[in-house]
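I opened this entry to keep track of what I looked up. The structure comes next, and my notes follow.

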Amino acid sequence: MEQKAVEILEQNRLMALATVRADGWPQATMVSYAHEGLLIYFVVSRHSQKFANIQKDDRVSLVIGRDFHDPATIKALSIAAHASEVTDAGQHKRAVALLLERHPGLRKLEPPEPGHSAVMRAYPEIVTVLDYSKGFGHADVLTVSPGGIEMTPARDDDWGFGAQLREVS
Amino acid sequence: MDRTAAELLATHRIMAVSTVRPDGWPQTTFVGYANDGPDLYFIIFRGSQKFANIAAEPRISIAIGDEPPDMRLARALYAGARASEIEDPRGREEAWKLLKRRHENLVGTPIPDAGNAAIMMARCEHVSVVDYTKGLGHTEEFDLAIRGDRPDVGGR
């Protein structure tokens, strides 16, 4: 199951990242990412609301997936993670290399200027793996802890649609 | 509403919806949606964490955008909105019609049972439009309601 989560991370490059503002309002933005196993790297501006939110509360939520034509092909991840700035020089270098490899378009831009941009990592605590090929609404939950990864299998939320949903022509 | 914002809302079918759990942890999922101007309609499972979160805290955040072929073409829309369930049967029918128009796979499907699924409405209040076609990092922000003023949601 961990492998399936990693595959979904490999098949996408963009995630929605939610943080919580000081006033309690959630804030979602789209962010490019790279990953190393389940560890996710991304870059944010130090002047962004998002960066301020994470500094105050490191709990973030990520969702990764894409629009579909056939509901049965939905594969997505919803992740609860702790985010922090990458301060270790070696990890920083590796994160930037992975981000550039994943997003060659970024090579045309200036490399992240440490005074302006922060390289961040998000370490998942709970990963919900949605795989509708196993049934509409099928979701398995992975809990990541220092002791390893534990799986809670198969919740199906079919919203009462059952098998009635069809492919989009 | 801003033209780019209107276009982004009209040309997408899924959005990331972020809610806040009672323990303060944000929670994000994708949902299919349809919109009528700044009003967003979507369906959530009544037994879901998301539904419980919104019942306790109606302030949500949405993000719409997709992977650009080139960074310089990146466009996205973010909005702070307040969500509530549409309980009025006529309002549910109207929202269902909009959802069917946007999501062809719903055509011919009966409206989901109100006991299982809640039809929700969220009105965008604070909107940010990211449009790198106007320059890298170009972002415009605007408010659609007076801050702190709860818009008239639900039961349309």
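**Where the chains meet**

I began with the contacts: 36 residues of chain A touch 35 residues of chain B, a contact being two C-beta atoms, placed from the backbone, within 7 Å. The model is predicted, so I kept the limits in view: local features need pLDDT of at least 70, side-chain atom pairs count only at pLDDT 80 or more, and totals for chains, interfaces and linings use all residues. Residues are numbered from 1 along each chain as its sequence is written, and chains are lettered from A in the order in which they are written.

Helices (H or I, at least four residues) and strands (E, at least two) are DSSP runs, numbered from the N terminus.

**Chain B**

I noted three helices and seven strands in chain B. Their order from the N terminus is α-β-β-β-α-β-β-α-β-β.

Next I looked up helix α2 (residues 49-56) of chain B. Which of its residues are buried? They are B:Lys50, B:Asn53 and B:Ile54; buried takes 20 or more other C-beta atoms within 10 Å, exposed 12 or fewer, partly exposed in between, with C-beta atoms placed from the backbone. Seen down the axis of α2(B), they fall within an arc of 95° (directions from the axis to the C-beta atoms), so they line one face of the helix. Their cover includes β3 (39-45) and β4 (59-65) of chain B.

**One loop in chain A**

I found A:Pro146 in the loop between β8 (138-145) and β9 (148-156) of chain A. A:Pro146 is exposed, with 4 other C-beta atoms within 10 Å.
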